Amino acid sequence: MNWISNYVRPRINSIFSRREVPENLWKKCDSCGTMLFHRELSDNQNVCPHCNHHMHITPRARFEALFDGGIFTEVEVPEPVADPLKFRDQKKYPDRMKAAQKKTAEEEAMLVACGEIGRTPIVAAAQDFSFMGGSMGMYVGNAIIAAAEEAVKLGRPLVLFSAAGGARMQEGILSLMQMPRTTVAVQMLKEAGLPYIVVLTHPTTGGVTASYAMLGDVHISEPNALICFAGPRVIEQTIREKLPEGFQRAEYLLDHGMLDRVTSRTEMRDELITIIRMLMKQPPQVVGDLPAPDETAMAETADTTAEADGTSEDA
Ligand SMILES: [Zn+2]
């Protein structure tokens with residue numbers, strides 16, 4: 001220990017960290033360019049209040065807004081074999097994983113949780129586009145299977161929020177194998193007579209669209225989400241024709257019968273409650289004076305929420 005590490009280094013660090021703060025307080029809307037205060041934006045679930053543009057949202061932030069009182073219990077996902085192909089492009093695959101884990105403060109590209117929405121118990125899974133493009137590897141496959149098994153065990157519907165660039169290149173054929181695996185998981189729900197609802201968010205593409213994202217009983221999408229197998233640029237180059245406006249976007253797909261609903265993120269919770277209660281043959285949601293929540297259930301989930309609050313501050 002000397003004066004450099006005791007005095008100089010903390011001063012340098014504080015100067016740099018002070019500079020970073022003002023940049024993070026404001027975020028520019030990607031669509032209309034309005035400067036938005038970070039709290040205003042997060043209170044509105046990362047939807048621009050001026051132009052209704054839906055920006056990226058982390059699974060944790062989504063679950064906090066979705067579940068009653070922001071309370072949910074995470075479902076454990078079995079860890080797959082790490083880097084089975086010893087894959088390397090410009091970077092080694094384990095190094096890419098570490099960078100993504102550091103950036104998102106999440107273990108992998110999917111988060112599975114149990115909880116209640118409008119006093120309706122559900123299991124939910126959400127994909128994280130900021131984690132290596134939300135790509136579907138063995139972990140995501142395991143997560144969907146864990147979610148489906150939990151839903152069957154508890155007799156609850158499964159709500160899945162998809163967001164992915166497709167299968168994870170670094171896991172090669174093993175990531176493609178997740179297409180049939182997740183299809184079987186969805187079939188488990190169907191055999192148990194439980195609803196499987198998919199909320200497609202921007203973007204949902206490739207192997208994800210070709211498997212579990214398009215096997216729902218109800219398909220809801222967020223506005224203007226790109227949903228496709230091959231992207232518009234690839235198609236345009238292949239057929240050498242100009243594609244119609246809004247091609248493969250949520251509203252276009254709704255008009256052409258690929259989706260059931262296009263719903264704004266801020267209204268998604270109410271819509272999910274209505275649909276789930278209808279499919280589960282439950283009476284409509286009680287709005288207004290509700291009985292106090294079950295104390296034992298609150299005690300069980302308290303740990304998870306404390307943890308969730310900590311990480312959402314960093315995200
Ligand atoms: Zn905007």
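Visitor: What spacing do the donors of the zinc ion follow along the chain?

Guide: In this predicted model, the pattern is C-x2-C-x15-C-x2-C. The residues behind it are Cys29, Cys32, Cys48 and Cys51, each coordinating through SG at 2.2 to 2.3 Å.

Visitor: Why is the site of the zinc ion called tetrahedral?

Guide: Look at the angles: among the four donor atoms they run from 108 to 112°. For reference, the ideal angle for four tetrahedral donors is 109.5 degrees.

Visitor: What makes Cys29 count as buried?

Guide: Its relative accessibility is 3%, and buried means under 20%, so Cys29 goes in that class. Cys32 has a relative accessible area of 36%; that lies between 20% and 50%, so Cys32 is partly exposed.

Visitor: On to the rings. How many aromatic pairs are there?

Guide: The count comes to five. One of them is Phe63 with Phe72, with centres 5.5 Å apart and planes at 70°.

Visitor: Why is the pair of Phe63 and Phe72 called edge-to-face?

Guide: Centres within 6.5 Å make a pair, and planes over 60 degrees apart make it edge-to-face; 5.5 Å and 70° pass both cut-offs, so the name holds. Phe63 and Phe72 are both buried, and together with Phe67 they form one aromatic cluster.

Visitor: And what about Phe247 and Tyr252?

Guide: Their ring centres are 5.6 Å apart with planes at 70°, so that pair is edge-to-face too. Tyr252 is partly exposed, because its relative accessible area is 21% and buried means under 20%.

Technical notes: Residues numbered from 1 in each chain as written. Predicted model: local features only at pLDDT ≥ 70, side-chain atom pairs only at ≥ 80, totals over all residues. Heavy atoms only, no water. Donors = N, O, S within 2.8 Å, 3.2 Å for Na, K, Ca; no water. Tetrahedral: all angles 85-135°; square planar, octahedral: opposite > 155°, others 65-115°. Buried < 20%, exposed > 50% of the residue type's maximum accessible area, 1.4 Å probe, protein only. Phe/Tyr/Trp six-rings, centres within 6.5 Å; stacked < 30°, edge-to-face > 60°.
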